[in-house]
Amino acid sequence: MRVILHGDLRRFGEALEVEAKTPKEALEKLGIPLEEAWLLAVGERMVGLEEEVEGPLEVYPPPIAGGGILEVLP
């Protein structure tokens, strides 16, 4: 499975290959803590940790508090 990491998770690499059937198995084999994987997706579909997927799996870290712009002020 191809695993694409985003944000702070890129410290493990940007795109990695691993033999795994589920996102949980892939993250554990890559040594990425599960609590650091906030959003898992294949294409435009969110997937669960135990769901069997073919990939590529995209892994996003938790959002940073106060790090996003919610509204543009005039």
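Mentor: Gladly! Let us begin with one residue and its surroundings. In this predicted model, Thr22 touches Met1, Leu49, Glu50, Glu51 and Glu52, leaving aside residues up to four places away in sequence.

Trainee: Where is Thr22 found?

Mentor: Thr22 sits in the loop between strand 2 and helix 1.

Trainee: Is Thr22 buried or exposed?

Mentor: Buried means under 20% relative accessible area. Thr22 has 11%, so it counts as buried. For the protein chain, buried residues make up 31% of the 74 residues.

Trainee: Let us step back to the fold. What pattern does the protein chain follow along the sequence?

Mentor: The pattern reads β-β-α-β-β-β, with 1 helix and 5 strands.

Trainee: How should I think about strand pairing, and in what order do the strands lie in the sheet?

Mentor: In general, strands of a sheet pair through backbone hydrogen bonds, either parallel or antiparallel. Here the 5 strands form an open sheet in the order 2-1-5-3-4, and the pairing is mixed. At the edges are strand 2 (15–17) and strand 4 (45–46), each of which pairs on one side only.

Trainee: Which strand pairs with strand 1 in the parallel sense?

Mentor: Strand 1 (residues 2–5) pairs that way with strand 5 (residues 57–60), over 3 bridges.

Trainee: How do strand 3 and strand 4 run, parallel or antiparallel?

Mentor: They run antiparallel, joined by 2 bridges. Ala41 has its bridge partner in strand 4, namely Met46. Strand 3 and strand 4 form a hairpin with 2 residues between the strands, and there Gly43 takes a positive phi near 65 degrees.

Trainee: What share of the contacts join residues at least 24 apart?

Mentor: Among contacts between residues at least 6 apart in sequence, the share is 43%.

How values were computed:
Residues are numbered from 1 along each chain as its sequence is written. This is a predicted model: local features need pLDDT of at least 70, side-chain atom pairs count only at pLDDT 80 or more; totals for chains, interfaces and linings use all residues. Side-chain values use heavy atoms; hydrogens and water are left out. Two strands pair if DSSP finds at least two bridges between them. Helices (H or I, at least four residues) and strands (E, at least two) are DSSP runs, numbered from the N terminus. Buried means under 20% relative accessible area, exposed over 50%, partly exposed in between (1.4 Å probe, protein chains only). Contact means heavy atoms within 4.5 Å.
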